[in-house]
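Hi everyone, thanks for coming. Please have a look at the sequence and the structure, and then I'll walk you through a part of it.

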Amino acid sequence: MSEINLILFYGITFGILIMTIVYTFIRYVYSKEIFYISYCFMQIFSLIYILSYSKLFEISSFIQEIALVIASLSAVLFAINYYEGKFFPKITNYKELIINTLLLNVVILTAFYHYILFEYLPYTIIYAILFISIIFNLKQGFKPTLIYVIGWSIFCILLFVFNFKDFYNQRGYFDLVLVVFALEAMLFTTSIAYKYNDLKNKNESFEKMIIQQSKFVKSGEMIANITHQFRQPLNNISYILMNLKKKFENKNLDEIYFDKKVEQLNSQVLFLSKTIDDFKEFYTKSKEKEIFMVKDAINNSITILSADLKTHNIELEISFETFEDIKIFGVKSELSQVLIAIISNSIDVLKNIKNPKIKINIFSSSAEVNICILDNGGGIKLKNIKKIFEPYFSTKEEGTGIGLYLSKMIIEESFAGKILVENKKEGVLFSLFIEKAL
């Protein structure tokens, strides 16, 4: 093999390792998962090892050995954090003991052959630990780990069956260690892509669960709101029916009066129906995104909170400084949830305020819609205003601290917008910025 070809192949291997290091470091920055940074460190010291091994640079054998030790320790840390399932399977009878002992022997022998073939301990450690992850948790079907282990196993089997290593070395091809470094990086990249998608799907499922659960945090208050909403129209229906009955008994019921009362009844029934729809839509799990009017989401949230607003004599003012039929793209119930969380916080503050007031102003530009919610509750303490969007932070004794956190998450992730908060002279102002629908 020519020296130029050897240097070129080393350069390709170095490049693949550097790309893997950068990739895993970026993943760590965004996810803060330990297995990313531990693998990143393993590859850094693997790169130092292979630089020394290549003899292209003057690096002492001592540094090479130190790099191997640190890479091996990082490999252990990575594999344990990447591991899925249980290290020690539950054994309840002799049959399971024999089977698991045989499986463990398979892992040991396979890992030993892996080391004999490739002569690099860190990759053997990862292979062995993740192989255990698969065989002791067969029913789990961990796709990322499965891809990694099967990829290495097939490669090992092919080398063993065809005695490829001896053939490879006799022909004077590129050092097999270099091939292993490149293969490891590619296998891991494929595996980690599945792992990332798996974590992303789990996070999305968790977020949906939290969003749904948060809707029921104040279920008692919501039930009270429904009761209050229904009481007045039901009383009105009762009075209308009593008047109709009295007119009928006195034989004084004419068609004009009857039609008038029927119209009033229909109006009350429609109001009840709309109230049910608003509550039902709010509690229903998120649907597909759609284009909807901002006004509808605001009205839905006000319907749900109207009882609290009336109970505490809070004046609510809604002002459109733009077209009332302005539309955005997303899930309407999620925007209603954000508005309910913000307005509910204002209601809690305004309970003991004289002349309590909440203003909702809607503005728009050529690109986005701006929804502003302002109260006259005196504002938020400066030490707290930077923390109010953090999960589980609450200034209320019985607060969960997830309402505003979820609101920020919904606006940023579901609507690709932003939410800001600031103190004004009279109180606190929340501003929602969401892209306008075309």
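I'll talk about a sheet first, and then about the helices around it.

This is a predicted model, where local features need pLDDT of at least 70 and side-chain atom pairs count only at pLDDT 80 or more, while totals for chains, interfaces and linings use all residues. Residues are numbered from 1 along each chain as its sequence is written, and side-chain values use heavy atoms, leaving out hydrogens and water.

So, in what order do the strands of the open sheet come? The five strands run β2-β4-β5-β7-β6, with mixed pairing. Strands here are DSSP runs of E with at least two residues, helices are runs of H or I with at least four, and both are numbered from the N terminus. Two strands pair if DSSP finds at least two bridges between them. β2 (315–320) and β6 (418–423) are the edge strands with a single partner each, so one side of each has no neighbour in the sheet.

Now look at β5 (residues 368–375) and β7 (residues 428–435): they run antiparallel, joined by seven bridges. Asn370 sits opposite Phe433 in β7.

Which strands does α12 touch? α12 packs on the sheet against β4 (357–364), β5, β6 and β7, and its direction makes about 20° with that of β5. Contact means heavy atoms within 4.5 Å; angles run from 0 to 180 degrees between N-to-C directions, with axes fitted to C-alpha atoms, for helices over the stretch in contact. Helix α14 (residues 403–414) also packs on the sheet, touching β6 and β7.

Finally, the axes of α11 (residues 294–311) and α12 (residues 332–350) come within 8 Å and cross at roughly 35°. Ile298 and Leu305 of α11 are among the contact residues, as are Leu339 and Ile343 of α12.
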